[in-house]
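This briefing is for a reader new to the structure shown below.

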Amino acid sequence: MGTENDKKEISKQIKNAFEFIQRLYYESSYLIKEIEGQLGESEHRFKILRPSGYSVSTRSSTGLEANNVSLWLPRKFSVAFVEEEATEINKGQNFTEIKNELKVLYFKFKLNEKNLDEPELIFGVFYNIEKYKDWVKKFENLMGALEYVDYKMFSKYPNIDYKDGTFKIKGKFKKVKLLDINSSKELNENVIEPIIKIYEQIDS
């Protein structure tokens, strides 16, 4: 008894769960575009980086191994910005040369993670970036690598000082609860102004 009703209830819960996740992704995309708009209007005229088109950078998987199944659904993703003069765009992709003076604004959206009570946004500035591999031709080549080492890289938050066989990077970061950002004004006061302040305080 109740088997058919149970199936209908489970199906309804699955549908609601996916609709909620999709809505969360939409809200995240709207927030990223608002960040892009506000940074583009700043005196530095920051431009979003497009490693492989207009998209976020994330670590995901379609593998059937147990440790990869948890990566089927992106739980965190990132976007980066640099000053307009620091990058070139060709065929929908950026080329940002890694120079001594390069500073990169970096935003990591964490929607779900072990020991994470609620979604959060980590934001800050990467600097003192060096590459050690020939395949790293531009900063965009590192954005995928950053997703794979984020646990190690942010282990000393708010200060970043990370090095491996591929690259070295330093950074200064802050974080806010995503659910606390409910307007353009709150975004500007709690994220945009603080990250620009960090950017301007870091010596090139």
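Asn128 is partly exposed, with a relative accessible area of 34%. Asn128 belongs to strand 6, and its phi is positive, about 50 degrees, although the residue is not a glycine. The model is a predicted one. Its chain has 204 residues, of which 41% count as buried.

**Overall layout**

- Five helices and eight strands make up the secondary structure of the chain.
- In sequence order, these elements follow the pattern α-β-α-β-β-β-β-β-α-α-β-β-α.
- The C-alpha trace spans about 70 × 40 × 35 Å along the principal axes of the chain.

**Backbone details**

- Asn115 also has a positive phi, near 70 degrees, and is not a glycine.
- Asn115 is placed in the loop between strand 5 and strand 6, and it counts as exposed because its relative accessibility is 75%, above the 50% cut-off.
- Tyr157 and Pro158 are joined by a cis peptide bond, with omega at about 15 degrees.
- Pro158 is part of the loop that runs between helix 4 (150–153) and strand 7 (159–163).
- Met143 is in helix 3, which covers residues 143–148.
- Met143 has a relative accessible area of 2%, so it is buried.
- Met143 and Ile160 are 17 residues apart along the chain, and their C-alpha atoms are separated by 15 Å.

**Nonpolar core**

- In soluble globular proteins, nonpolar side chains tend to be buried together.
- The largest nonpolar core here contains 28 residues, and Phe107 and Phe109 have the most contacts inside it.
- At least two residues of this core come from each of helix 1 (3–40), strand 1 (46–48), strand 2 (76–83), strand 5 (104–110), strand 6 (120–131) and helix 5 (184–201).
- Helix 5 supplies the largest share of this core, seven residues.

**Nonpolar surface**

- Leu64, Val69, Trp72 and Leu73 make a nonpolar surface patch of about 410 Å².
- Val69, a residue of helix 2 (residues 66–69), has a relative accessible area of 34% and is therefore partly exposed.

**Aromatic rings**

- A pair of aromatic rings is described by the distance of the centres and the angle of the planes.
- Nine aromatic pairs are found in a search of the whole structure.
- In the pair Tyr162 and Phe167, the ring centres are 5.5 Å apart and the planes stand at 45 degrees, so this pair is tilted.
- Tyr162 and Phe167 are both buried.
- One aromatic cluster is formed by Tyr106, Phe126, Phe154 and Phe173.
- Two lysines have charged ends over tyrosine rings: Lys76 sits over the ring of Tyr151, 3.9 Å from its centre, and Lys103 sits over the ring of Tyr199, 4.1 Å from its centre.

**Salt bridges**

- Side chains of opposite charge can pair when their charged atoms come close.
- The count of salt bridges in this model is 10.
- One of them joins Lys76 and Glu113, whose closest N and O atoms are 2.8 Å apart.
- Lys76 is in strand 2 and Glu113 is in the loop between strand 5 and strand 6, so this pair ties together parts that are 37 residues apart in sequence.
- Lys76 is buried because its relative accessible area is 15%, and Glu113 likewise counts as buried at 14% relative accessibility; the cut-off for buried is under 20%.
- Glu113 also meets Lys110 in a salt bridge, at 2.7 Å from N to O, and both Lys110 and Glu113 are buried.
- Another salt bridge is made by the side chains of Glu120 and Lys175, at 3.8 Å from N to O.
- Glu120 lies in strand 6 and Lys175 in strand 8 (residues 167–177), so this pair ties together parts that are 55 residues apart in sequence.
- Glu120 counts as buried at 5% relative accessibility, whereas Lys175 counts as partly exposed at 38%.
- Through salt bridges that share partners, Lys76, Lys108, Lys110, Glu113, Glu120, Glu147, Asp150 and Lys175 are joined into one network.

Notes
Residues are numbered from 1 along each chain as its sequence is written. This is a predicted model: local features need pLDDT of at least 70, side-chain atom pairs count only at pLDDT 80 or more; totals for chains, interfaces and linings use all residues. Side-chain values use heavy atoms; hydrogens and water are left out. Rings of Phe, Tyr and Trp (its six-membered ring) pair if their centres lie within 6.5 Å; planes under 30 degrees apart count as stacked, over 60 as edge-to-face and the rest as tilted. Buried means under 20% relative accessible area, exposed over 50%, partly exposed in between (1.4 Å probe, protein chains only). A charge sits over a ring if NZ of Lys or CZ of Arg is within 6 Å of the ring centre and within 35 degrees of the ring normal. Patches are made of residues with over 30% relative accessible area and no salt bridge: like charges are joined within 9 Å, nonpolar side chains (Val, Leu, Ile, Met, Phe, Trp, Tyr) within 5 Å. Accessible areas come from the Shrake-Rupley method with a 1.4 Å probe; for residues, only the protein chains shown count as cover. A salt bridge is a side-chain nitrogen of Lys or Arg within 4 Å of a carboxyl oxygen of Asp or Glu. Helices (H or I, at least four residues) and strands (E, at least two) are DSSP runs, numbered from the N terminus. A nonpolar core is a set of buried Ala, Val, Leu, Ile, Met, Phe, Trp, Tyr and Cys residues joined through side-chain atoms within 4.5 Å.
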